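Okay, thanks for making time, everyone. I'd like to walk you through a model, so let's get it up on the screen.

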Amino acid sequence: MSPRGPLLLDFRGVHTHYGPLHVLKGVSYEIYEGEIVSLLGGNASGKSTTMKTVLGLVRPTEGTIRFRGEPIHALRTSEIVKRGIAPVPEGRRVFPRMTIVENLEMGRYTRRSEPGWDADLDRVFGLFPVLKERRQQLAGTMSGGEQQMLAIARALMTNPRLLCMDEPSMGLAPRLVEDVFDIIRAINGQGTTIFVIEQNVNMALSVAHRGYVLQMGEVVLSGAAAELLENPLIQKAYLGSA
Amino acid sequence: MHTLDVLLQQVVNGLALGMMYALLALGFTMVYGIIELINFAHFSVFMTGTFVGLMVLNLMGVTAVSASLQGPALVGTLIALFLATMVATGVLGVLIERICLRPVRHVSGTAPMITTIGVAFILINIMLLTWGPQTQRFPQLLPNWRWGVGGAEISFKQIVLFVVGLLLMLGLWHLVRRTTLGKAMRATAQDADAARMMGIDVDRVVVVTFFLGSALAGAGSLFFGLYYGFTGYYIGYTTGLRAFTSAVLGGIGSIPGAVLGGLLIGLTQSLGGQFLGVKWTDVIIFSILIIVMVLRPNGLLGTRTPQKA
Amino acid sequence: MGLARWRALPLARRRHILAVVLLAVGAAFPFLSGNAGNVDAAANAFTYVLLALGLNIVVGFAGLLDLGYAAFFAIGAYGYGIAASGQLKLEWSSLWEPLAFMGQVSRLVVPGQPDTVQFHFAFWPMLAVTAILCALFGVLFGAPTLRLRGDYLAIVTLGFGEIVPVVARNWEGLTNGAQGLGGIRTPRLFGYEFGFSPYPYYFLGLGLVALAVWLSIRLQESRVGRAWMAIREDELAAGAMGVNHVHYKLLAFAMGAAVGGLAGTFYVAKLTTATPDMFTFPVSVMVLVMVVLGGMGSIRGVVVAALFLAFLQSVILQELTDWVHALGRLVDSGFLQRIELITSLELIFGVILVLMMIFRREGIWPAVRRVSALTPEQQAAAPSRGAAVQLSWSQAARADAPPRALLEIESLSKQFGGVAAADRISLIVRAGELVSVIGPNGSGKTTLFNLITGLITRDSGSIRLEGREIGGLPAHAIVARGVARTFQNIRLFNNLSVLENLLVGEHSRLQAGALGAVFRPPRVRAEERAAVDRALEVLGLFGNRLLPRLDHPAYGLSYANRRRTEIARAIMTQPKLLLLDEPAAGMNPAETLELMDLVKALRGLGITIVLIEHKLDVVMDMSDRVIVLDHGVKIAEGAPVEVRNDERVIEAYLGRRRRAA
């Protein structure tokens, strides 16, 4: 049974456009506190646009997004982040010529005047001992897997209520991918709600509680992760009809 | 005079000049680092700074004729002068950014740069119309003490410039490396979208960068006035192109690069002027500019490579 | 003549009438104005119009921001100035005999000193000589900028623009330094000496401007002009359509410089003096302001803006100043009485630049996108209906022809920052096939296309088209060999019309160069007509989707039509191998079906097709073979049915199953 706290993120009937291109065509999903929810889809499904829309980098042309009951779809990114949504962007996007610690400092930017830096840092180093060892290393010189750790750690510095991860497996060797998803489980175990946007169906559904499948900008499947995993329609959504 | 003495003298002169170019190049490179804009107007802000300095001194009752302050009065005057001028030029830079540059910030291509050329022309001509084409005398506040070092001479002015310049650069270094705001600026320069995702207000960072860069240009402008003792509406152009070359040589977008480039160009100007003739220094410096841009666009210390169009 | 009747006339006729009228007005002006001062101002203004037209070629047509254009003005000016004044004093030698015979130089005999040669070259041949000289400098100054981005290119040209007047100021032997040249010989035509009267210069200037306008129009509406505009709009896509950007950029610099040289020679002949201060950065900026104000690329806009600004400088500001002075006397304002508006000319330039960039980047009188005039037959072209797709110039593959390898890729590899985007990929595509390349995000499909088409260079491995190696060739050369592509995110030439986009596609199959563009011999005219015919044919393949819109600018098209136009443009290159990168992305099912029907039909034209597509049911339906990439490696290949059920492929898309937790 998936842990179901109160409704955290309500993404309802959202349409987005990119110039003349209609990308999201009325997408709806919910995320409850304590869960890991996965949004899946192949290329050109619109899944990356989803995270950008949640973060306020793309504005919906229709529909609403509510976080803890409050609408956020018209807010600026800095506001949204302050409210407790932290992103782990596609491709990591760590700041290459800043050290690990400086990157973490940027992660905590919206809380920079609040006390608790040491506690937050320790917590994150506890999850990622590798980062503690190399704290003064420049982020750009790290491997892909290490950068992924850093990107996740950076997002955790604000102690977010909702961690949004965009394609964490992208560009990583299979064994590292397993490690990343292990960490996702561990973070969730500590109480953080996680929204994972992923192309890698099997990995994502092996840690998620629930999932949604996006195809051409619309949700075509949804349900408990275990059921979705066995659903032959998923294969069809990715690989075309039999 | 021994060639070695001449050499040493020109090295000293060159380094002093280089400090001024470095200050000017710093502001320019900081803006480029953040929004990838070649801001011609920066050098007109520099020129305007000298006139602001003149006005500030006038207000304080210090004119070209009466300048003979001593001790604490001198120090106080200098501090007031620098503060007032730097704030004024900083504000001017911010106004330019908000009114003229922000509307074209997201236009691709050369439109933003062309806009800065327009702004530069506007500033230059406002100064020309207000003050006239003749050179203006700048009060020689600093006493003309000189000391012999080896076979060369170093003047009090030069020492003051070195010290003040170093202080400003250290201040900038501290800001950029140690403070959260400075780190936010660096983060924005390295990846503006990711910075946004961290909750950094990129627009505000741009404004702060313009303020700081223009304030540094203001400091550089006072260096010019105090060192050379004159100013005119045209100085932004000549000095500006040299500072621009400094930024490019050092690596556009790189702060240490701007300092290194500035010093190198300062040395090039004084040594080149001495051994090849003053009238050819411009050709030398422009040639350096062209060569660097064509052969090594990211300069000595820079990390960005200007992409093929 | 009513407006409707005017519009009904064919374009060429309208142009002829306009030209005659304008020339008549121009010729009559000196006599109507009755004031030699006005004529003189107009003659000077013509100089600026010439400069603006020249810069328009570089900035407006080709999109190369030249901030040092005054350098060519200077070279033209000093070129003629030195040749026509007593400046240079070289020792006499027999080399000068032929020129002395032609009356271009004289031998100066001064007792007690070696004989020297004195130059007094005639104006008319020097016009041509300085134009050529400037063209050479245009190439010289342009060459270092070829790889640079827009603002960096501008800075380098600025650098050259600065060096020239400094050299002029300091190389006193050649140029007489800051004092400048004096005593430059004025033109002489059939014994008539131009002297100091403005009238002959006025007519000469009018003639030069007419020449420059004619040149500009001819170039703009030719293969050369289209190549320039393609480079301006999207250099990468231009290369992918066969445009050699090195050649055309240098050509633009050369032609722009040549016109600048004409202006310099003319101006200096009229002034009979040349000083370095006439060619400084503010002059370059002034010409830029004229082009920006009129509209980059708009010949008519640039001419009008140049005339306006020239008159502003010479006449209007002075009259305004007088008016302001009078006002000052009226309201007894000392300030107003002292103003000299002429000194604020550069201020006005700055304001114009800023306002135009913020509010109206396309200029005050932008060019109307005008297509090569269609003949009546062409205008009546009906869209092709029915299943059979025919193109008059294509060869269908013979059914009995043995399958031969068209594209052979062997062990192709490419790394980006340590990550292998392509890892020893080997594959063969046979003529006439339709092959699909699929794979999850980041698997290297587009990289493969980029490698084949020369957009990026391989690290190792070989790519052979019909047995000949194409790896390492520049993109435009690969197009000429017969490979065309479309882009995942659509790269059309946005400000060009649909038809013009297609005509650029034909670039590598046409031959007209700059001379052909300007003089339009019958061969070139026939070539253009045929090119338009072929374009109409290809547009007709898309039913009535594109034909009615053939003169619409590409940026205004719907998403699906943009895709179609891009495909049509690629077909125009007459490819043997067509690479389509996600052609159906963003299209609804009906549009996708229509498109795929077309793609299938293209095979009947003998075009081999390689397709990257994510709509896998589409792919499965029409491909002969499917190749699957993952992380830069080819992991599967075969018939669609085989591939779809291949374990490795499923795993690549869906991810490996987790180890038991």
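Let me start inside chain A: in α1(A), the buried residues are K47(A), S48(A), T49(A), T50(A), M51(A), K52(A), T53(A), V54(A) and L55(A). Buried here means that 20 or more other C-beta atoms lie within 10 Å of the residue's own, with exposed at 12 or fewer, partly exposed in between, and the C-beta atoms placed from the backbone. Helices and strands are DSSP runs, H or I over at least four residues and E over at least two, numbered from the N terminus. So 9 of the 9 residues of α1(A), residues 47-55, are buried, and the helix is largely enclosed by the rest of the structure. Just after α1(A), G56(A) has a positive phi of about 85°.

Quick housekeeping before I go on. This is a predicted model, where local features need pLDDT of at least 70 and side-chain atom pairs count only at pLDDT 80 or more, while totals for chains, interfaces and linings use all residues. Residues are numbered from 1 along each chain as its sequence is written, and chains are lettered from A and ligands numbered from 1 in the order in which they are written.

Okay, how is chain A divided into domains? The assignment gives domain 1 (1-84 + 162-242) and domain 2 (90-159); bounds like these come from an automatic or database domain assignment. The C-alpha centres of the two domains of chain A are 23 Å apart. Their contact takes 16 residues from domain 1 of chain A and 9 residues from domain 2 of chain A, and contact means C-beta atoms, placed from the backbone, within 7 Å. On the domain 1 side, the elements giving two or more residues are α2 (77-82), β7 (162-166) and α7 (174-189) of chain A. Of these, α7(A) gives the most, with 5 residues. By class, that domain 1 side has 10 nonpolar, 3 polar and 3 charged residues. For the classes, Ala, Val, Leu, Ile, Met, Phe, Trp, Tyr, Cys and Pro are nonpolar, Asp, Glu, Lys and Arg are charged, and the others, Gly among them, are polar.

Now over to chain C. Chain C has 27 helices and 15 strands, and its C-alpha trace spans about 100 × 70 × 60 Å along the principal axes. Of its 661 residues, 48% count as buried. Take the contacts in chain C between residues at least 6 apart in sequence: 75% of them join residues at least 24 apart.

Which parts of chain C touch chain B? The contact involves 32 residues of chain C and 33 residues of chain B. Elements giving two or more residues on the chain C side are α7 (150-170), α13 (281-294) and α16 (345-359). The largest share of that side, 12 residues, comes from α7(C). By class, that side has 19 nonpolar, 6 polar and 7 charged residues.

Last stop, the core. A nonpolar core is a set of buried Ala, Val, Leu, Ile, Met, Phe, Trp, Tyr and Cys residues joined through C-beta atoms within 7 Å. The largest one has 375 residues, and L50(C), A52(C), A252(C) and M290(C) have the most contacts inside it. Helix α1 of chain B, residues 3-35, provides the largest share of this core, 17 residues. As for A52(C), leaving out residues up to four places away in sequence, it touches V287(C), M290(C), V291(C), V302(C) and A306(C).

Note on methods: Contact = placed C-beta atoms within 7 Å.
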